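User: Please take a close look at one part of this structure: the paired strands and the helix between two of them. Tell me how that part is built and how it sits in the chain.

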Amino acid sequence: MFIGFSLDAQKALIEEVHKRNLMSDTHSTSIEGPKLSILAGVDVIQHPEVLDPREMPDELVQMIKERKIIGSMLVNQITGDAWKRHLKTKETNQKKQAEAAADADGTKTKTLAERRQEDRDLGRAIDMRRRNAEKLVRAGVILTPGTDNYIGTAPEFRRSPTRLNSSVDDRCGPGLVFICHLQKRASGAEDAAV
Ligand SMILES: [Zn+2]
């Protein structure tokens with residue numbers, strides 16, 4: 001969990017934003033983080049469904065709904081082709097895990113790293129994101145598609161259907177040129193002359 005600003009600091013920030021007739025936005029990745037921002041009076045939560053890997057408590061759903069806070073969700077990562085791909089990968093890896101379990105002698109306890117790898121292989125965090133998104137939809141929270149997004153995570157909108165964790169070059173496309181240059185620079189693939 002990461003909390004960047006205290007409740008008082010967030011209140012002061014939001015007050016200044018509202019004085020300028022603007023909306024305030026929080027970048028959410030935990031349960032406690034957005035709760036503080038809500039108490040401070042925030043207007044928008046970026047990807048409220050991403051509480052990896054936790055389920056959103058009903059109390060938090062209600063706080064968002066009652067205060068008419070807008071949830072900006074990363075829907076392209078949990079619907080459409082990305083979701084179909086996740087289900088397919090999950091099924092394949094479930095079979096692999098079942099086969100590996102049948103071969104194992106059963107005397108060894110799995111390490112934390114092994115269990116985390118299993119979670120990743122089965123996309124448990126993605127499942128939880130979708131479950132949280134469904135919870136928010138069912139509760140009637142005001143929601144919008146978000147733009148705080150990784151490159152190419154909606155395969156159906158890509159010009160070439162490249163996998164998610166492809167190289168920087170693969171991911172560079174129209175409209176994302178600047179971000180790609182930054183990533184290339186960060187990875188040392190391009191000098192700082194951009
Ligand atoms: Zn984000």
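This is a predicted model: local features need pLDDT of at least 70, side-chain atom pairs count only at pLDDT 80 or more; totals for chains, interfaces and linings use all residues.

Analyst: Strand S2, helix H3 and strand S3 form a β-α-β unit, and its hand is right. S2 covers residues 44-46 and S3 covers residues 70-73. H3 spans residues 58-66.

Now the pairing. S2 and S3 run parallel, joined by 3 bridges. Across this pair, Gln 46 faces Ser 72 of S3. S3 also pairs with S4, residues 143-145. That pairing is parallel too, again with 3 bridges. Here Gly 71 has Leu 143 of S4 as its bridge partner.

Next, the helix of the unit. Lys 65 belongs to H3. Is Lys 65 buried, exposed or partly exposed? It has 15 C-beta neighbours inside 10 Å, so Lys 65 is classed as partly exposed. A residue needs 20 or more such neighbours to count as buried, and 12 or fewer to count as exposed. Which residues does Lys 65 touch beyond four places in sequence? Its contacts there are Ala 139, Gly 140 and Val 141. Take Val 141. It lies 76 residues from Lys 65 in sequence, yet their C-alpha atoms are 4.9 Å apart.

Step back to the whole chain. It holds 8 helices and 4 strands. From the N terminus, the order is α-β-α-β-α-β-α-α-α-β-α-α. Among contacts between residues at least 6 apart in sequence, 67% link residues at least 24 apart. Of the 194 residues, 19% are buried.

For another helix, look at H5, residues 112-121. None of its 10 residues is buried, so H5 lies largely in the open. Gly 123 follows H5, and its phi is positive, near 60 degrees.

Finally, confidence. The chain averages a pLDDT of 82, and 79% of residues score at least 70. Residues 165-178 fall below 50; this stretch has 15 contacts in the model beyond near neighbours in sequence. Residues 190-194 also stay under 50, with 6 contacts beyond four places in sequence.

Terms used: Residues are numbered from 1 along each chain as its sequence is written. Helices (H or I, at least four residues) and strands (E, at least two) are DSSP runs, numbered from the N terminus. Two residues are in contact if their C-beta atoms, placed from the backbone, lie within 7 Å. Two strands pair if DSSP finds at least two bridges between them. A crossover is right-handed if, with the strands pointing away from the viewer, the path from the first strand over the helix to the second runs clockwise. pLDDT is the predictor's confidence in each residue, from 0 to 100.
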